[in-house]
Amino acid sequence: MIKSSIDTATSFEKRFENINTVVFETSFSASKAVANEIAELIRLKQTQNQLCILGLATGSSPKGLYAELVRLHREENLSFKNVIAFNLDEYYPMEPDSVNSYVRFMKAQLFDHVDILPEHYHIPDGTLEKDEIAEYCKLYEENIESYGGLDLQILGIGGNGHIGFNESGSLQNSKTRLVALDHVTRVAASGDFSGLSNTPRTAITLGVKKIMEAKRVILMAWGEGKSAIIKKSVEGEISNKVPATFLQDHNNATFVLDQGSASVLTRISTPWLVEKVVWTDKLVRKAVIGLAQDLKKPILMLTDADYIENGMSDLLADSGPAYDINIYIFNKLQNTITGWPGGKPNSDNSKRPERAEPSRKRVLIFSPHPDDDIISMGGTFKRLQEQGHDVHIAYQTSGNIAVADDEALRFASFVCDYNDKFGIDNAAAQIIYNKVIDFLKNKKSSEIDIPEVRYIKGLIRKGEARATSHFIGLDDAHIHFMELPFYETGKIEKHPIGEADITLTMDLITSIQPHQIYAAGDLADPHGTHKVCLDAIFESIKRLKTQPFMDNCWVWLYRGAWQEWAIDEIEMAVPMGPDQVLEKRHGIFKHQSQKDGVVFQGTDSREFWQRAEDRNKETAQNYHDLGLSQYAAMEAFVRWHF
Ligand code: F6R
């Protein structure tokens with residue numbers, strides 16, 4: 001077996017971590033490292049005239065890996081002729097050519113782009129009769145054994161710790177079998193199947209036993225959404241509640257993570273408990289706020305004993321007593337609070353998050369979907385406008401896939417009625433309406449909408465976004481609909497970011513020359529729309545940064561609909577009173593297509609306005625618990641330095 005280039009865990013990590021864990025800067029660099037290990041293995045086997053037996057996974061996690069393997073094949077002559085592949089799982093029942101089949105996924109991501117022989121890859125068969133499955137699974141395992149077992153198994157991890165579709169409760173010696181999918185797994189998949197009711201309830205999965213028998217196992221996880229289950233799997237006890245913990249018993253398994261998925265591991269979230277650290281300002285802030293939160297004490301009530309008993313005695317020795325450190329951090333936190341997100345004119349700004357000058361700033365708010373602006377920073381949006389800044393809003397994508405079919409129908413029929421009523425020639429509108437009815441009547445689950453339906457859905461969201469911006473007080477000249485092309489696939493799966501997306505973004509920034517840019521700094525889902533939208537902004541800024549106007553441009557990141565910044569990260573907190581909370585709620589109500597049971601509800605049954613209010617109230621409560629003034633709600637921002 002070759003020495004893995006990604007095995008670099010050190011002994012201090014091993015004190016807390018029960019499995020070899022390697023953290024990369026990004027999912028991109030991590031995927032490249034895994035691809036390199038696989039490529040080395042394939043090549044080694046080639047020199048030995050042997051087959052290379054790979055266990056492969058589907059899902060979002062291995063996409064970057066497969067893209068890199070395809071690149072290695074195309075550009076660096078990596079051949080897959082000696083590769084035999086066994087996939088982990090397939091939904092049941094499932095036709096191989098269905099949009100959501102894992103057969104289709106593997107062909108699209110890898111097999112169709114490399115020289116693997118079609119008879120060399122195996123994916124569990126979703127078309128069998130139920131009574132054929134047990135025998136089929138036995139043969140699938142025997143087939144793997146006939147090649148001497150798996151040389152390397154690639155895994156992702158489910159939010160509940162599943163590996164393959166071995167859900168919570170699976171045994172360590174479980175066999176390849178038909179399983180029922182957990183509710184959380186089905187909810188995670190439901191977006192691909194246009195709703196939970198169309199999502200399969202069962203799947204065929206390789207058992208844990210065969211995974212454990214693989215000579216090498218690499219589990220990949222990206223994004224903050226996976227951080228909690230990664231901590232449980234790496235630092236927790238082995239338990240069949242979290243099947244990924246079984247890998248702690250494997251003698252050659254590695255977890256390959258990006259910074260998001262690793263973010264709550266002890267060595268990352270509280271490194272001072274693991275090794276001697278250099279106490280930077282950022283780290284002191286994180287440690288002291290974390291200490292106060294853990295002990296449920298206001299910052300100014302922390303004592304020397306609290307520091308000593310919680311692994312922070314060297315900080316106390318360097319910068320103590322506790323009283324001094326407490327005051328220092330308390331003041332820092334207090335200085336993040338401002339009711340003047342665009343800066344307070346004619347005031348000393350040395351301790352404020354934003355500059356006072358120029359007193360009237362040009363502001364450009366980017367909103368990935370048509371409602372992220374109001375959901376995530378509606379209070380700040382309104383304040384910037386009220387405080388006299390020149391505020392522009394840019395909706396980056398149309399958001400069309402999140403509109404229900406009957407809404408599209410309702411609006412198409414409205415247009416026909418409208419034309420009739422006002423004596424406008426209705427023939428063309430009627431043709432479109434009939435086409436839409438015809439299509440939607442026969443639409444199969446997961447079928448991509450025809451362009452007419454997509455446009456209508458996009459227009460519905462456009463109207464809602466415009467209504468919100470008018471409600472805030474903007475005129476049409478300040479509202480920009482970018483319709484970035486990467487989004488326009490009609491599917492959950494989007495195109496990768498392209499030059500056209502970057503050019504549109506650069507053009508808008510150049511035409512406005514903003515003093516402030518607000519962007520959704522959502523890093524939770526590294527493949528999602530928010531991340532691509534952010535990448536387009538980052539890349540545009542990188543290319544524009546030598547332009548003189550960029551010297552005066554500050555970038556503030558807000559979080560998307562799902563998560564908030566940790567208190568120690570927040571650099572600007574904009575408080576809201578009860579009336580402003582209500583006003584924001586009314587702004588969110590303008591998005592009627594996203595109310596009352598949305599297409600992409602996820603696991604959270606609250607409506608968007610409820611999520612926004614709960615989150616903003618929680619931030620304010622956290623500040624208050626730390627000993628700062630009490631506000632009804634707060635929106636939070638982190639500055640991005642380019
Ligand atoms: C896929 C599989 C699953 C996924 C897991 C993570 O073949 O067996 O265990 O690896 O659900 O999915 P993603 O990567 O989409 O988060």
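Q: Why is asparagine 346 called exposed?
A: Asparagine 346 has 76% relative accessibility, so it counts as exposed: that label needs over 50% relative accessible area, with buried under 20% and partly exposed in between (1.4 Å probe, protein chains only). This is a predicted model, where local features need pLDDT of at least 70, side-chain atom pairs count only at pLDDT 80 or more, and totals for chains, interfaces and linings use all residues. Residues are numbered from 1 along each chain as its sequence is written, and side-chain values use heavy atoms, with hydrogens and water left out.

Q: What makes the phi of asparagine 346 worth a look?
A: Its phi is near 55°, a positive value in a residue other than glycine. Most residues other than glycine have a negative phi. Asparagine 346 sits in the loop between H13 and E11.

Q: And glutamate 483, why is that one called partly exposed?
A: The relative accessible area of glutamate 483 is 45%, so it falls in the partly exposed band. Glutamate 483 also has a positive phi, about 45°, without being a glycine.

Q: How do you know whether glutamate 613 is buried or exposed?
A: Glutamate 613 comes in at 9% relative accessibility, so it counts as buried. Leaving out residues up to four places away in sequence, glutamate 613 touches Val581 and Arg585, where contact means heavy atoms within 4.5 Å.

Q: What makes the set around Leu69 and Leu219 a nonpolar core?
A: Such a core is a set of buried Ala, Val, Leu, Ile, Met, Phe, Trp, Tyr and Cys residues joined through side-chain atoms within 4.5 Å. The largest one has 78 residues, and Leu69, Ile154, Leu219 and Leu247 have the most contacts inside it. Helix H2 (residues 27-47) gives the most to this core, with 8 residues.

Q: Which bond joins glycine 320 and proline 321?
A: A cis peptide bond, with omega about 5°. Most peptide bonds are trans. Glutamate 357 and proline 358 are also joined by a cis peptide bond, with omega about -10°.

Notes
Helix = DSSP H or I, 4+ residues; strand = E, 2+ residues; numbered from the N terminus.
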